[in-house]
Amino acid sequence: MKKASSNNMKPYFIEFGGSMILYVIVLSGVVATRPESGWGVWELLPTIPLLLGFWAIIRQYRRMDEYFQRIHSEAFALGALILGLAAIIWGFGENAGWPALPTIWVTPALVGLWGICLPLVSRRYK
């Protein structure tokens with residue numbers, strides 16, 4: 001018997017997984033053909049598969065019922081609050097001499113924290 005949360009997961013895995021495979025291919029191509037001097041629009045090409053990945057997440061969220069939407073919304077909000085607090089703490093640390101963190105890690109950190117917070121939040125609803 002399938003869980004209620006996994007009814008529409010196959011289209012999501014196809015959409016999101018396909019966009020991430022495309023991302024790896026495009027990113028590898030951009031890195032392999034990067035010119036020595038300067039950058040151009042070519043460097044922004046990996047954002048296209050990322051946008052497709054975010055579109056897959058939005059589509060999956062819309063396919064969920066209200067119960068799972070609430071769980072995911074709370075997990076995402078908790079992850080965003082934790083990341084915001086960590087960013088503020090790290091900012092103060094940078095003023096004290098800590099190394100600067102590249103902003104490219106913000107979104108992967110947020111998605112990771114969302115995933116970490118998801119089981120914590122879902123325990124409240126059992």
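This report describes the helices, nonpolar packing and salt bridges of a predicted model.

Helix α1 runs over residues 9-32 and has 24 residues. From its first C-alpha to its last α1 reaches 34 Å, close to the 34 Å expected at 1.5 Å a residue. Y12, S19 and V30 are buried in α1, and the buried residues of this helix pack against α2, residues 47-63.

G40 is placed in the loop between α1 and α2. With a relative accessible area of 27%, G40 is partly exposed. G40 and L52 are twelve residues apart along the chain, and their C-alpha atoms are separated by 21 Å.

Q60 is found in helix α2 and is buried, its relative accessible area being 5%. Not counting residues up to four places away in sequence, Q60 touches N8, M9 and Y12; of these, Y12 is among the buried residues of α1. I48 also has its place in α2, but I48 is partly exposed, at a relative accessible area of 48%. Together with L22 and L52, I48 makes a nonpolar surface patch of about 250 Å².

**Helix α3 and the core**

Helix α3 covers residues 66-95. At 1.5 Å a residue, its 30 residues should span 44 Å, and the end C-alpha atoms are 43 Å apart, which agrees. Just after α3, G97 takes a positive phi of about 110 degrees.

The buried residues of α3 are F68, Q69, I71, H72, A75, G79, L83 and G93. They pack against α2 and α4. H72 counts as buried because its relative accessibility is 17%, and buried means under 20%. Leaving aside neighbours within four places in sequence, H72 is in contact with Y61, M64, W114 and L118.

The largest nonpolar core has nine residues: Y12, I57, M64, F68, I71, A75, W114, C117 and V121. Helices α3 and α4 (106-124) each supply at least two residues of this core. M64 and W114 belong to the core and are also among the contacts of H72.

**Salt bridges**

Side chains of opposite charge can pair when their charged atoms come close. A search of the whole structure finds five salt bridges.

| Salt bridge | Closest N and O atoms |
|---|---|
| E15 with R63 | 3.4 Å |
| R70 with E74 | 3.0 Å |
| R124 with E74 | 3.1 Å |

The salt bridge of E15 with R63 has its closest N and O atoms 3.4 Å apart. E15 lies in helix α1 and R63 in helix α2, so the pair ties together parts that are 48 residues apart in sequence. Both partners are partly exposed: E15 has a relative accessibility of 24%, and R63 has a relative accessible area of 26%.

In the pair of R70 with E74, both residues lie in helix α3, four residues apart, about one turn of the helix. An α-helix has 3.6 residues a turn, so residues three or four places apart point the same way. R70 counts as partly exposed, at 49% relative accessibility.

E74 also forms a salt bridge with R124, with the closest N and O atoms 3.1 Å apart. This pair links distant parts of the chain, since R124 is in helix α4 and E74 in helix α3, 50 residues apart. R124 counts as exposed because its relative accessibility is 61%, and exposed means over 50%. Elsewhere, salt bridges that share partners join E15, R59 and R63 into one network.

Key
Residues are numbered from 1 along each chain as its sequence is written. This is a predicted model: local features need pLDDT of at least 70, side-chain atom pairs count only at pLDDT 80 or more; totals for chains, interfaces and linings use all residues. Side-chain values use heavy atoms; hydrogens and water are left out. The expected span of a helix is 1.5 Å times one less than its number of residues. Buried means under 20% relative accessible area, exposed over 50%, partly exposed in between (1.4 Å probe, protein chains only). Contact means heavy atoms within 4.5 Å. A nonpolar core is a set of buried Ala, Val, Leu, Ile, Met, Phe, Trp, Tyr and Cys residues joined through side-chain atoms within 4.5 Å. Patches are made of residues with over 30% relative accessible area and no salt bridge: like charges are joined within 9 Å, nonpolar side chains (Val, Leu, Ile, Met, Phe, Trp, Tyr) within 5 Å. Accessible areas come from the Shrake-Rupley method with a 1.4 Å probe; for residues, only the protein chains shown count as cover. A salt bridge is a side-chain nitrogen of Lys or Arg within 4 Å of a carboxyl oxygen of Asp or Glu.
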